Amino acid sequence: MRGRGSNPSTYSIILWMGIGLLGGIGTGMGYLVSLTVPVKSFPQKKGLITGVVVAGFGAGAILLTYLADFLFKNSVGVLHVFLYWGTLYGLIIILAAQQLKTSGLKASQISYSSVTPMNGVVLFKLILGIFAGTFTGLLIIGNLKPIAQMQEVSMYAIPLAISLFALSNFTGRIVWGWMSDRIGNTLLIPTALLVQGAVSMSLFSVPVSDIQFISLIILIGFCFGAHFVLFAKDTIQMFGIDNYAKIYPFIFLGYGFAGIAGPFIGGWVVDLTGEYMYAILLAFTLSIVATFIYVFIDKKVHVTNRAFQIR
């Protein structure tokens, strides 16, 4: 794969830029397009459609993990795996893109809240909410093995817990999306934040058996998947589908920051204290704060909207 006479450091930089920069841009573009078009086509089922799309996003990662592992076991080099999958993905994306068509529904026909007077605070509540929700889940899954060892969970239960976390994360995205269309996000987002935080705390409240540990991890994964659906739908509800592609990337940065902070803080705190309890307590506190801020701003936005409608 490497050309003759190439500089190893230059080669590494090009490789990192290709995977990190170009791969990230491609992922972001695909994520937004695959959400925007289906939601425009099914405006009355925004939650369910969003859940199905982001569940597919997560399931693709699970599938690729198993397929890549199969190739590695058959002595296929990592760069050849990138080459094969990059080529295959490119072809699939090109073919799938030809099938994407909007229903002709105009943005003005899709109901959403007008939050122009409070755009800043609405952005803040959404960014903080998705950060708090994904911070807890990433903290747990990023440190799952040492957490399990501290709870004296058997080594056989750990890989099973990881697999079931991924499965419940996938399932949760669809179920929370379906519930969102029927109940609305005003209740579901605080519920997902608080339940995930409380269940995470229960990992350390009392000694747990293998079955109890796995059950708690399943619940955490189920709530973790909720945030990818609910905050995407909330963005559409608050700002409109035509503004979604412009605004949601900034909100999704909350998840990006959580991806760095969650595993890092978990490892850092355990180095200082010798246990994960304090990191989980921080995550739980963050979930409570984010819940109160979300509910407070949500009520203010609805009051503001009614005032503008009366005028």
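Trainee: What angle and axis distance describe the packing of α4 and α9?
Mentor: This is a predicted model. In it, α4 and α9 pack at about 35 degrees, and their axes are 7 Å apart. The α4 and α9 crossing is right-handed.

Trainee: How many nonpolar, polar and charged residues make the contact of α4 with α9?
Mentor: By class, 19 are nonpolar, six are polar and none is charged.

Trainee: Where does that sit in the whole chain? What elements does the chain have?
Mentor: The chain has 10 helices and zero strands. Of its 311 residues, 40% are buried. Take the contacts between residues at least 6 apart in sequence: 82% of them join residues at least 24 apart.

Trainee: What are the angle and distance for α8 and α9?
Mentor: The axes of α8 (residues 210-239) and α9 (residues 241-273) come within 9 Å and cross at roughly 140 degrees. This crossing is right-handed. On the α8 side, the contact is made by F224, F228, F231, A232, T235, I236 and F239. On the α9 side, it is made by I241, N243, Y244, I247, Y248, I251, F252 and Y255.

Trainee: How does that contact divide into nonpolar, polar and charged residues?
Mentor: It has 13 nonpolar, two polar and no charged residues. T235 and N243 belong to the contact.

Trainee: How many aromatic pairs does the rule find?
Mentor: The count is 10.

Trainee: Why is the pair of F131 and F135 called tilted?
Mentor: Its planes are 40 degrees apart, and the centres are 5.6 Å apart. The distance passes the 6.5 Å limit for a pair.

Trainee: How do you know whether F135 is buried or exposed?
Mentor: The relative accessible area of F135 is 2%. Buried means under 20%, so F135 is buried.

Trainee: What makes F228 and Y255 a pair, and of what kind?
Mentor: The centres are 4.9 Å apart, which is within 6.5 Å. The planes make 80 degrees. That is over 60, so the pair is edge-to-face. F228 lies in α8 and Y255 in α9, so the pair ties together parts 27 residues apart in sequence.

Trainee: How are the two partners classed, as buried, partly exposed or exposed?
Mentor: They fall into separate classes. F228 has 3% relative accessible area, under the 20% limit, so F228 is buried. Y255 has 26%. That lies between 20% and 50%, so Y255 is partly exposed.

Trainee: Which residues do ring pairs link into a cluster?
Mentor: The cluster holds F165, F224, F228, Y244, Y248, F252 and Y255.

Trainee: Which residues have the most contacts inside the largest nonpolar core?
Mentor: F213 and I217 do, in a core of 69 residues. Helix α8 gives the most to this core, with 16 residues. Leaving out residues up to four places away in sequence, I217 touches I140, L144, A161, F165, S168 and L203.

Trainee: How do you know whether T50 is buried or exposed?
Mentor: T50 has a relative accessible area of 1%, under 20%, so T50 is buried. T50 is in helix α2. Beyond four places in sequence, T50 touches L35, V39, F228, V229 and A232.

Trainee: What makes V195 partly exposed?
Mentor: Its relative accessible area is 34%. The value lies between 20% and 50%, so V195 is partly exposed. V195 lies in helix α7 (residues 185-205).

Trainee: What makes the phi of S75 worth a look?
Mentor: Its phi is near 65 degrees, a positive value in a residue other than glycine. Most residues other than glycine have a negative phi. S75 is in the loop between α2 (46-73) and α3 (78-97).

Trainee: Is S75 buried or exposed?
Mentor: S75 has 70% relative accessibility. That is over 50%, so S75 counts as exposed.

Methods: Residues numbered from 1 in each chain as written. Predicted model: local features only at pLDDT ≥ 70, side-chain atom pairs only at ≥ 80, totals over all residues. Heavy atoms only, no water. Axes fitted to C-alpha atoms, helices over the stretch in contact; angles between N-to-C directions. Helix = DSSP H or I, 4+ residues; strand = E, 2+ residues; numbered from the N terminus. Left-handed = near helix turned anticlockwise from the far one by under 90°. Contact = heavy atoms within 4.5 Å. Nonpolar A, V, L, I, M, F, W, Y, C, P; charged D, E, K, R; others polar. Buried < 20%, exposed > 50% of the residue type's maximum accessible area, 1.4 Å probe, protein only. Core = buried A, V, L, I, M, F, W, Y, C linked by side-chain atoms within 4.5 Å. Phe/Tyr/Trp six-rings, centres within 6.5 Å; stacked < 30°, edge-to-face > 60°.
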